[in-house]
Amino acid sequence: ERTRIAHELHDSLAQTLASVRFQVRVLDETLHQGDEAAVWQELERIENNLDEAHTELRELIAHFRAPISNRGLIPSIEQAVERFRHSCSGVHIFLQKEWPERPLPAEYEMQVLRIVQEALVNIRKHAHANTVRVMLHGDDQGRYRILVEDDGIGIGDASPSSIPGEHVGISIMKDRAKRIGGNFRIESEPGEGVQAILTFRYAHDVQDT
């Protein structure tokens, strides 16, 4: 139970607060440039992220579940991609979707969303990437594959962080994949970027009968 709580805090509130910390650094640089319009834009982004952190904390307290958009998994991933695009304005991010319209169970959707979010957070913090791709694929046989890849420096060249819990993310993503009977792996070579790959199966016809 304690591990699950720690995972939820790491994957929701901690990520949002880390984003706020990054945006505060950007605001500091913007203030020194003397661009008033840009300053107000950064302040608005910080305010929006603080509102989101407040919402996430209330969700965790009230329901002990990761917040998912009421519209479902794909809109929630689209929102995560848009947030990444705004926080990393110099990085090009692309989303490709070949996903069945039939929704997955809430537990599956929560784990998939959190894995995608964590992969994007790792890219923002460590990758120094120019391009990011998020590819979602599912078929009528219940086979699903999610790929988050970047063209950054790769894991081998990333310097270890001194922040406690910084490298907890990969083990949490593997645990999340196991909860839905799936597999999560990282493929990377120094200077060749990183591929984070989640695969799992969910047979709707079998599970729903």
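This is a predicted model: local features need pLDDT of at least 70, side-chain atom pairs count only at pLDDT 80 or more; totals for chains, interfaces and linings use all residues.
View 1. An α-helix has 3.6 residues a turn, so residues three or four places apart point the same way. Glu82 counts as partly exposed, at 33% relative accessibility, and Arg85 is also partly exposed, at 32%.

**View 2. Helix H4 is shown with its buried residues.** This helix covers residues 73-87. Its 15 residues should span 21 Å at 1.5 Å a residue, and the C-alpha atoms at its ends are 21 Å apart, so the two values agree. Among the buried residues of H4 are Leu73, Ile74, Pro75, Ile77, Val81 and Phe84. The buried residues of the helix pack against helix H2 (13-33), strand S1 (92-98), H5 and S2.

**View 3. Ile77 is a buried residue of helix H4.** Its relative accessible area is 0%, so Ile77 falls under the 20% limit for buried residues. Leaving out residues up to four places away in sequence, Ile77 touches Leu95, Val112, Leu113, Val116 and Leu136.

**View 4. Trp99 is shown in the largest nonpolar core.** This core has 35 residues, of which Trp99, Leu120, Ile146 and Phe200 touch the most other members. Elements that give two or more residues to the core are H4, H5, S2, strand S3 (143-150), helix H6 (168-179) and strand S5 (194-201). H5 gives the most, with nine residues. Not counting residues up to four places away in sequence, the contacts of Trp99 include Leu73, Ile74, Leu136, Ile146 and Phe200.

**View 5. Thr131 is a buried residue in strand S2.** The relative accessibility of Thr131 is 17%. Setting aside neighbours within four places in sequence, Thr131 is in contact with Val91, His92, Phe94, Glu149, Asp150 and Asp151.

**View 6. His128 has a positive phi although it is not a glycine.** The phi angle of His128 is about 55 degrees. His128 sits in the loop between helix H5 (106-127) and strand S2 (131-138). With a relative accessible area of 64%, His128 is exposed.

**View 7. Two further salt bridges are shown, Arg143 with Asp139 and Arg185 with Glu187.** Side chains of opposite charge can pair when their charged atoms come close. Arg143 and Asp139 meet at 2.8 Å, N to O. Arg143 is partly exposed at 41% relative accessibility, whereas Asp139 is buried at 17%. In the pair of Arg185 and Glu187, the closest N and O atoms are 2.9 Å apart. Arg185 is partly exposed at 33%, and Glu187 is partly exposed at 34%. A search of the whole structure finds five salt bridges.

**View 8. The whole protein has seven helices and five strands.** Along the sequence they follow the pattern α-α-α-α-β-α-β-β-α-β-β-α. Of the 209 residues, 44% are buried. The protein exposes about 11900 Å², and carbon and sulfur atoms supply 50% of that area. Among contacts between residues at least 6 apart in sequence, 71% join residues at least 24 apart.

Note on methods
Residues are numbered from 1 along each chain as its sequence is written. Side-chain values use heavy atoms; hydrogens and water are left out. Helices (H or I, at least four residues) and strands (E, at least two) are DSSP runs, numbered from the N terminus. Buried means under 20% relative accessible area, exposed over 50%, partly exposed in between (1.4 Å probe, protein chains only). The expected span of a helix is 1.5 Å times one less than its number of residues. Contact means heavy atoms within 4.5 Å. Accessible areas come from the Shrake-Rupley method with a 1.4 Å probe; for residues, only the protein chains shown count as cover. A nonpolar core is a set of buried Ala, Val, Leu, Ile, Met, Phe, Trp, Tyr and Cys residues joined through side-chain atoms within 4.5 Å. A salt bridge is a side-chain nitrogen of Lys or Arg within 4 Å of a carboxyl oxygen of Asp or Glu.
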